[in-house]
Amino acid sequence: MFFCGNSAENLLSTSSTSKVASDHDPDIHTQHRTTIHMPKLVIFTGAGISADSGLSTFRDPEGIWTREAIDLVCDYSSWKRNRKEVFRFYNARRAQLAQVEPNAAHLTVARLQHLYGAVLITQNVDDLHERAASIEGYEANVMHVHGRLTHMMCTSPGCVPWEIGYRHAHPDTEYCPRCASPKGVKPQIVLFGEPAPLYRPMRDVLKRLKYKDVLLVIGTSGKVVDIGEVAMKTDATTILSNLEPSTEQWLPEAPCIEDGQFDHVIHGRAAEMAPQIEALVHRLMAGDNAIPKIPVATA
Ligand SMILES: [Zn+2]
């Protein structure tokens with residue numbers, strides 16, 4: 001299991017122990033416990049944040065799925081038949097990842113995560129959040145709900161993912177370090193139709209959001225994880241940062257992001273809007289409720 005989300009509860013507990021000198025009271029320790037709810041920050045990112053670093057998105061009109069056959073390279077039911085294509089596709093993604101750098105939005109997210117102990121959930125399989133944290137001098141702590149390009153995995157029970165960085169993986173010679181077999185080896189990417197083991201912990205994190213907490217969503221169409229509906233239902237204050245206003249309508253059978261599902265909306269490239277995003281989060285986390293709930297910034 002590679003989930004390493006920050007599970008620390010932002011519940012500040014103080015306790016004091018006082019001695020009561022009394023011969024009649026055998027219970028000489030009395031404990032007073034006070035619990036204060038501190039606002040929690042959860043950050044959820046999608047392909048839009050990494051697009052500003054030069055990584056191709058998948059679902060846009062110019063995205064990867066307009067050039068590649070999903071059925072061939074990203075289908076759990078057929079990946080073993082198409083191993084060469086699956087490896088080719090993800091080797092190319094890995095090679096591209098080696099050529100790009102985190103942008104200002106990744107750095108902002110790293111700072112916010114560190115400052116507020118935020119849980120960072122990403123749909124992205126790149127490692128730009130980890131690299132941004134490293135640039136800022138922080139430890140990476142990222143919940144990759146769709147897997148990681150820099151890792152391979154083995155489908156045999158008990159085997160654990162291993163890191164290969166940005167190197168080429170060959171379908172015949174990439175062996176599992178534990179069972180020494182190449183047969184069940186695949187990129188550690190959640191393919192379509194494949195169970196996503198981190199969806200449950202992700203839902204748990206989102207469900208725990210309360211009034212005065214903040215949910216920051218950056219760069220997603222909301223079509224794979226229905227974060228728009230989460231934003232609509234939560235009591236937390238919600239922020240959406242997306243390139244453009246949403247044009248589609250949310251439907252139960254075809255979920256998508258709608259600007260109206262969020263309290264605050266920032267339009268523009270995430271890397272360019274990073275200072276506005278950061279300033280807004282600071283104000284909300286400080287309890288500033290005087291901010292009008294309308295689009296606050298547009299590039
Ligand atoms: Zn194995």
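Residue numbers start from 1 in each chain and follow the sequence as written. Because the model is predicted, local features are given only at pLDDT of at least 70 and side-chain atom pairs only at pLDDT 80 or more, whereas totals for chains, interfaces and linings use all residues.

**Overall composition**

The chain contains 8 helices and 12 strands; these are DSSP runs, of H or I over at least four residues for helices and of E over at least two for strands, numbered from the N terminus. Of its 299 residues, 37% count as buried. A residue is buried if 20 or more other C-beta atoms lie within 10 Å of its own, exposed if 12 or fewer do, and partly exposed in between, with C-beta atoms placed from the backbone. Among contacts between residues at least 6 apart in sequence, 64% join residues at least 24 apart. Two residues are in contact if their C-beta atoms, placed from the backbone, lie within 7 Å.

**Packing of helix 4**

Two packed helices are described by the angle between their axes and the distance between the axes. Axes are lines fitted to C-alpha atoms, for helices over the stretch in contact, and angles run from 0 to 180 degrees between N-to-C directions. The table gives two pairs that involve helix 4 (residues 104–116).

| Pair | Axis distance | Angle |
|---|---|---|
| Helix 4 and helix 8 (residues 270–285) | within 8 Å | roughly 20 degrees |
| Helix 4 and helix 5 (residues 128–136) | 8 Å | about 70 degrees |

Helix 4 and helix 8 are therefore roughly parallel to each other. Angles under 35 degrees count as roughly parallel, over 145 as roughly antiparallel, 65 to 115 as roughly perpendicular and the rest as oblique. Helix 4 passes helix 8 in a right-handed crossing; a crossing is right-handed if the near helix is turned clockwise from the far one by less than a right angle, and left-handed if anticlockwise. Helix 4 contributes Ala104, Ala105, Thr108, Leu112 and Tyr116 to this contact, and helix 8 contributes residues including Ala274, Ile277, Glu278 and Met285. By class, the contact of helix 4 with helix 8 holds 10 nonpolar, 1 polar and 1 charged residues. Here Ala, Val, Leu, Ile, Met, Phe, Trp, Tyr, Cys and Pro count as nonpolar, Asp, Glu, Lys and Arg as charged, and the others, Gly among them, as polar.

Helix 4 and helix 5 are roughly perpendicular to each other, and their crossing is right-handed. His106, Leu107, Val109, Ala110, Arg111 and His114 of helix 4 meet residues of helix 5 that include Leu128, His129 and Glu136. The contact of helix 4 with helix 5 has 7 nonpolar, 3 polar and 2 charged residues.

An open antiparallel sheet consists of 3 strands in the order 7-6-8. Two strands pair if DSSP finds at least two bridges between them. Strand 7 (162–163) and strand 8 (185–189) are the edge strands, each pairing on one side only. Strand 6 (residues 147–154) is joined to strand 8 over 5 bridges and to strand 7 by 2 bridges. Opposite cysteine 154 stands valine 185 of strand 8, and opposite histidine 151 stands glutamate 163 of strand 7. In strand 6, 6 of the 8 residues are buried. Helix 3 (residues 83–98) lies across strand 6 and strand 8, at about 140 degrees to strand 6.

**Valine 224**

Valine 224 lies in the loop between strand 9 (214–218) and helix 7 (227–233). Valine 224 counts as partly exposed because it has 18 C-beta neighbours inside 10 Å.
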